[in-house]
Amino acid sequence: MVFSAIVITTALKGALGLVGTGLWLVPLLIAALSYYQYDQLDPESRPIDRYPLNPEYDFIVIGGGSAGAVVANRLSEISNWNVLLLEAGPDENEITDVPSLAAYLQLTKLDWKYKIEATGRACLAMKSGRCNWPRGKVLGGSSVLNYMLYVRGNRRDYDYWEALGNPGWGYKEALYYFKKSEDNRNPYLRNNPYHSTGGYLTVQESPWITPLAVAFLQSGVELGYDLRDINGEFQTGFMIPQGTIRRGSRCSTAKAFLRPIRLRRNFHTAMNSHVTKIVINPFTMRAIGVEFVRNGHKQYVRARKEVILSAGAINSPQILMLSGIGPKEHLRQVGIPLLKDLRVGENLQDHVGMGGLTFLVDKPVAIVQKRFYGAPVTMHYAANGKGPMTTLGGIEGYAFINTKFANRSIDYPDIQIHMAPASLNSDGGVQIKKVLGIKDEVYDTVYDPIANKDAFTFIPLLLRPRSRGTVRLRSSNPFHSPIIDANYFDDPLDIATLVEGAKIAVKLAEAKVFKQFGTRLHRLKIPGCRHLKFASDAYWECHIRHISMTIYHPVGTTKMGPQNDPTAVVDSRLRVYGIQNIRVIDTSIMPTICSGNTNAPAIMIGEKGADLIKSDWLSYPTKK
């Protein structure tokens, strides 16, 4: 999902005929946005980076991302509660607001720049055998770096959570909180019982698509699937994506939930504040405050009521372990005194997909860098909020489909396909190759021969992986990145399911509707798979193991579960077992990964978690 690179490279190179990375046009884009009074179109100004901070707050929220921004907003609705939001990164900027620029935000100061460990089973085409794992280090978190796709998952995901012993987390309750946030601006969904208007989070379709997106929908119909709202009653089917955009620009959780409350007297935000540990009284086993480093200075703030950890599936377990909460033997190895032995950092799950599946076309219907001229595209976007720069990171369609391993009778598809009107070759190797970290040999052999040719891709994605990974501390130094072992394809059914997804993707591209474009499968073999028959099951497996593609959805590392579950870290009210006044409210609490993109569920978890806190401290009614 890195095809936004194509549009921005075009926009940055085309206007003045520049060479190199094309970043020379960034000042033009910023100037254009300023000229058209871009910030004034947004009714809220930017959050205030507060100096100095109070010595004590009722609630301290660690992480201002997809869930944390929601929690901070909802807790500060109680006027006599003081709330502090700590964010390790800076604020958003003009470039982060442009939907098509998502790939250019990766590997910048707004990204934690994580890499997973090499296992020899996946990411074989990437340098050192390690996939990049972008994570947002910015106010708004990964909702600033992501591809803005609004996908809730399947109702059975949430009913299963409840069946595992987590009361209040079934689909009925989850739907209530999805709708609480939502301001859906698609007219055909306005009176739909599965959607709502008036919430903080704007959801709508991109105002610009290519003809390939329409063909994608028609190919699904040819294969017997329905066109539907996949966030509605049924999930199986095809759809033009809904995204978290507003008037053509990104609607991050910082824009949605933090800007409107910037002037609340009981709410403070501290950016560039890297949390190093939660301070816990070892005698009472109660969280009493947070240590963090802000602009090079170590600080400490006390918490009167609770510390809420919303730092995401990588940083939340990291902070818990740095604070003495985690696996006993691991904390001993890194020299951290143990306060509570819990299975923190385990149960890691991610949606892994197949990248690089490329279909060439003869007609000029794809996004190709050399054909898009930067100045017109840039100025049209800045003036009107329309055009190619509004594309949801380059994703124009998605489908939820069934392989032979799925139970088709219960609407529980096992593969998601993302469709993009471009592929790894479409920017001539400028940015996509860099973001994925693809080896030169692989790119030069397979994709350079078709550089800048019209093409599209389907990305089959495994919705419910069986494999589980871990997050571990590299050392006791809070500034050392954690060790992330995604453990992709540890369970053989994962790769087998994804191979079936690849075969269905090829069938979609062979549908009659795509023949009008002269569509054909790009058949140059990946160097490490040359010994296998092209398009055989064995070849597709080899391809998937080489160009393994994360969709950036890590979850599960502080698992929610009942007290009799030895792997659980938090209870159904998201309280950390054995430690008073700490909760985790983000995607790391998921017992199992939801069947779809995880940003909307993260926001739902934030909404639900905030209500749980209100209920516990105020007898505030939660949704039953």
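Which handedness does the disulfide of C123 and C131 have, left-handed or right-handed? In this predicted model, the torsion about the S-S bond of C123 and C131 is about -110°, so the disulfide is left-handed.

**Disulfides**

A search of the whole structure finds two disulfides, and, with bonded cysteines counted along the protein chain, they follow the pattern 1-2, 3-4. The pairs are set out below.

| Disulfide | Sulfur to sulfur distance | Torsion about the S-S bond |
|---|---|---|
| C123 and C131 | 2.1 Å | about -110° |
| C529 and C542 | 2.0 Å | about -90° |

The torsion of about -90° makes the disulfide of C529 and C542 left-handed. C529 lies in the loop between β23 (520–521) and α17 (537–546), while C542 belongs to helix α17, so the pair ties together parts that are 13 residues apart in sequence. Both C529 and C542 are buried; C123 is buried as well, with a relative accessible area of 1%, and C131 is buried at 3%.

**Cysteines without a partner**

For C251, the closest cysteine sulfur is that of C594, and the 19 Å between them is too far for a bond. C594 is accordingly in no disulfide. C251 counts as buried at 2% relative accessibility, and C594 is buried with a relative accessible area of 0%.

**The surroundings of V471**

V471 is found in strand β21, which covers residues 470–472, and is buried, with a relative accessible area of 0%. Leaving aside neighbours within four places in sequence, V471 is in contact with several residues, including A313, I314, P317, L348, P482 and T557. V471 and N315 are 156 residues apart in sequence, yet their C-alpha atoms are 9.1 Å apart in space.

Methods:
Residues are numbered from 1 along each chain as its sequence is written. This is a predicted model: local features need pLDDT of at least 70, side-chain atom pairs count only at pLDDT 80 or more; totals for chains, interfaces and linings use all residues. Side-chain values use heavy atoms; hydrogens and water are left out. Helices (H or I, at least four residues) and strands (E, at least two) are DSSP runs, numbered from the N terminus. Buried means under 20% relative accessible area, exposed over 50%, partly exposed in between (1.4 Å probe, protein chains only). Contact means heavy atoms within 4.5 Å. A disulfide is a pair of cysteine sulfur atoms within 2.5 Å.
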